[in-house]
There are 2 protein chains.
Amino acid sequence: MSNHLDPGSERWCCSPVTGEPLSAEQAGELSAMFKALGDPVRLRLLSLVAAHAGGEACVCDLAGAFELSGPTISHHLRVLRQAGLIDSERRGTWIFYSVRPQVLRQLSAVLGPAPAAHGTP
Amino acid sequence: MSNHLDPGSERWCCSPVTGEPLSAEQAGELSAMFKALGDPVRLRLLSLVAAHAGGEACVCDLAGAFELSGPTISHHLRVLRQAGLIDSERRGTWIFYSVRPQVLRQLSAVLGPAPAAHGTP
DNA sequence: CTTCTATTTTGATAGGTGTCAAATTAGAAG
DNA sequence: CTTCTAATTTGACACCTATCAAAATAGAAG
């Protein structure tokens with residue numbers, strides 16, 4: 001109920017954009033994710049979460065890196081989550097965010113030069 | 001004079017976002033490119049140009065794939081060009097667009113899981 | 001139950017963005 | 001020079017978005 005994009009839909013997986021033209025549907029799904037990355041705050045949030053110990057971080061770990069209000073950070077985290085790029089899980093008082101490495105890898109593959117075929121058969 | 005982003009600045013090249021947190025400057029440059037990809041029309045335009053014979057295409061080759069006015073296509077192409085993702089060159093009556101494979105590869109590497117080091121020494 | 005802390009949601013606002021029609025530039029061809 | 005085609009630029013408008021302050025929700029602790 002919380003995610004707009006189905007994380008299980010991977011029919012566009014790994015076919016690079018340089019191969020054959022994207023369909024309108026593929027472009028719609030992919031551009032929604034790139035759009036979420038198209039903000040400096042969100043991109044830094046994603047990298048902070050990804051690089052944080054254990055692969056997850058709570059808002060309290062992230063907010064300190066910006067001169068932005070809490071609600072603004074929360075807004076950007078929601079955008080990333082609704083785009084399917086990160087996950088959130090409540091544990092006690094804190095809410096922990098973690099990246100979806102698979103989705104990031106898929107986006108990387110779409111921009112990649114060729115179907116490398118060096119580890120994902 | 002036409003590009004806002006210097007195509008020669010590659011100081012953020014290839015360090016994946018999952019490694020260590022991006023600096024504000026890196027995030028600014030990268031997010032500007034992802035932002036340009038964050039529109040379905042632009043993403044399809046990019047893939048159409050990339051997949052076109054010879055690696056380049058004129059607007060007349062692209063406009064037919066959309067139900068959009070010429071000025072709108074031109075607008076999106078300019079956004080892609082100013083983001084440093086594509087190049088444009090006038091030859092006679094037509095203006096040919098081509099992708100910058102290097103920039104796409106860099107973006108792919110940023111989202112990639114790890115410094116693969118399997119073909120770009 | 002009350003209070004405290006962590007985070008989100010709501011409401012408001014300034015600024016950005018996609019789109020089109022109309023006008024403009026650039027080159028080719030008479 | 002005039003005309004024709006290709007593409008861009010300008011101007012306008014509806015919609016979206018990033019941001020904050022204030023209010024609301026969720027759990028922990030007393």
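1. Helices (H or I, at least four residues) and strands (E, at least two) are DSSP runs, numbered from the N terminus.

2. This is a predicted model, in which local features need pLDDT of at least 70 and side-chain atom pairs count only at pLDDT 80 or more, while totals for chains, interfaces and linings use all residues. Residues are numbered from 1 along each chain as its sequence is written, and chains are lettered from A and ligands numbered from 1 in the order in which they are written.

3. DNA strand C is likewise surrounded by 24 residues, the closest being C58(A), C60(A), P71(A), S74(A) and T72(B). Here the largest share, six residues, comes from α4(A). The surface near DNA strand C divides into eleven nonpolar, eleven polar and two charged residues, whereas the surface near DNA strand D has eleven nonpolar, ten polar and three charged. In these counts Ala, Val, Leu, Ile, Met, Phe, Trp, Tyr, Cys and Pro are nonpolar, Asp, Glu, Lys and Arg are charged, and the others, Gly among them, are polar.

4. Chain A contains five helices and three strands, which follow the pattern α-α-β-α-α-β-β-α along the sequence. The three strands form an open antiparallel sheet in the order β1-β3-β2, with β1 (56-58) and β2 (86-91) of chain A as the edge strands, each pairing on one side only. Two strands pair if DSSP finds at least two bridges between them; β1(A) and β3 (residues 94-99) of chain A are joined by three bridges, and the bridge partner of C58(A) in β3(A) is F96(A).

5. Helix α2 (residues 40-51) of chain A lies across β1, β2 and β3 of chain A and runs at about 95° to β3(A), where axes are lines fitted to C-alpha atoms, for helices over the stretch in contact, and angles run from 0 to 180 degrees between N-to-C directions.

6. In chain B, β2 (residues 86-91) and β3 (residues 94-99) pair in the antiparallel sense over six bridges, and R91(B) stands opposite W94(B) in β3(B). Two residues lie between the strands of this hairpin, in which G92(B) takes a positive phi near 70°.

7. The contact between the chains takes 34 residues from chain A and 34 residues from chain B, two residues being in contact if their C-beta atoms, placed from the backbone, lie within 7 Å. On the side of chain A that touches chain B, α1 (24-37), α2 and α5 (101-111) of chain A each supply at least two residues.

8. The largest nonpolar core has 61 residues, and those touching the most other members are L46(A), V49(A), L85(A), L46(B), V49(B) and L85(B). Such a core is a set of buried Ala, Val, Leu, Ile, Met, Phe, Trp, Tyr and Cys residues joined through C-beta atoms within 7 Å; buried means that 20 or more other C-beta atoms lie within 10 Å of a residue's own, exposed 12 or fewer, and partly exposed in between, with C-beta atoms placed from the backbone. Leaving aside residues up to four places away in sequence, V49(B) touches E56(B), A57(B), I86(B), Y97(B), S98(B) and V99(B).

Note on methods: Near = placed C-beta within 6 Å.
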